[in-house]
Amino acid sequence: MDFSLSVIDTIQKYEYKEVVDVWKASVRATHHFLKEEDIQYFKPLILNTYLDAVELRCIRTKDNTIAGFLGVAEQHLEMLFIHPNYKGKGIGKTLLAYSIDQMNVIKVDVNEQDIRAVGFYTHCGFKVVCRSELDASGKPYPTLHMQLKSEG
């Protein structure tokens, strides 16, 4: 294995560009419903605003590159993205479990059109508590607001 699932690391501000690169690769591989202009719209927001608003954690490869990361704010999982080269290797489950156990995450918002993510969170113990027609930026991407079953 090119990484250790047992090592969850913090992310430094100088690594934000790498984090955005992982985000962009992940989104392009999974969020087929997004338009390219949406990706370009969100990229500077993530780099300059969103990353500073969350507690970041990651799993790194043996050569110290970021394979996947998460961001948490106030018990809410704000972001969880895995580089497509490392999908299906347990990184997402490991990071999610860490966020629940160590960062007290109980909520997550998921794009309704991201069927795999909805299934992933449902499988990991979350349930839909409500739905919004628009995403948090006011864009027409319906969002499911999910909560850990044990918390609802």
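Start with the whole chain in view: of the contacts (heavy atoms within 4.5 Å) with a separation of 6 or more, 61% join residues 24 or more positions apart. You are looking at a predicted model, in which local features need pLDDT of at least 70 and side-chain atom pairs count only at pLDDT 80 or more, while totals for chains, interfaces and linings use all residues. Residues are numbered from 1 along each chain as its sequence is written, and side-chain values use heavy atoms, with hydrogens and water left out.

**The whole chain**

Switch to a cartoon view. There are four helices and seven strands, taken as DSSP runs (H or I of at least four residues for helices, E of at least two for strands) and numbered from the N terminus. Followed from the N terminus, the order is β-α-α-β-β-β-α-β-α-β-β. The radius of gyration, 15 Å, is close to the 15 Å that the globule rule gives for 152 residues, so the chain is as compact as a globular protein of that length. That radius is taken over C-alpha atoms, and the rule is 2.2 Å times the number of residues to the power 0.38. Along the principal axes, the C-alpha atoms fill a box of roughly 40 × 40 × 25 Å. Of the 152 residues, 46% are buried (under 20% relative accessible area; exposed is over 50% and partly exposed in between, with a 1.4 Å probe and protein chains only).

**The largest pocket**

Next, select His31, Leu80, Phe81, Asp109 and Asn111. Among the 42 lining residues of the largest pocket, these lie nearest its centre. A pocket here is an open set of points on a 1 Å grid over the protein atoms alone, where a 1.4 Å probe fits, with protein on both sides within 12 Å along at least five of seven lines; lining residues have an atom within 4 Å of a point. The space inside is about 1200 Å³, a volume filled by probe spheres set on the points, which are joined across faces, edges and corners.

Which element gives the most to this lining? Colour β4 (76-82): β4 supplies seven residues. Other elements with at least two lining residues include α1 (16-30), α2 (36-50) and β7 (143-148).

**Helix α2**

Now move to α2, where Asp38, Ile39, Phe42 and Ile46 are buried. Is Asp38 buried or exposed? With a relative accessible area of 6%, Asp38 is buried. Beyond its neighbours within four places in sequence, Asp38 is in contact with Lys139 and Tyr141.

Select Leu77, Leu80, Ile91, Tyr121 and Phe126, the residues with the most contacts inside the largest nonpolar core, which has 24 residues. Such a core is a set of buried Ala, Val, Leu, Ile, Met, Phe, Trp, Tyr and Cys residues joined through side-chain atoms within 4.5 Å. Helix α3 gives the most to this core, with four residues. Apart from it lies another core of 22 residues, including Val19, Leu51, Cys58 and Met79.

**Two loop residues**

Finish with two asparagines. Asn64 is in the loop between β2 (55-60) and β3, and its phi is positive, near 80°. Asn64 is partly exposed, at 47% relative accessibility. In the loop between α3 and β5, select Asn104, which has a positive phi of about 60° and is partly exposed, with a relative accessible area of 44%.
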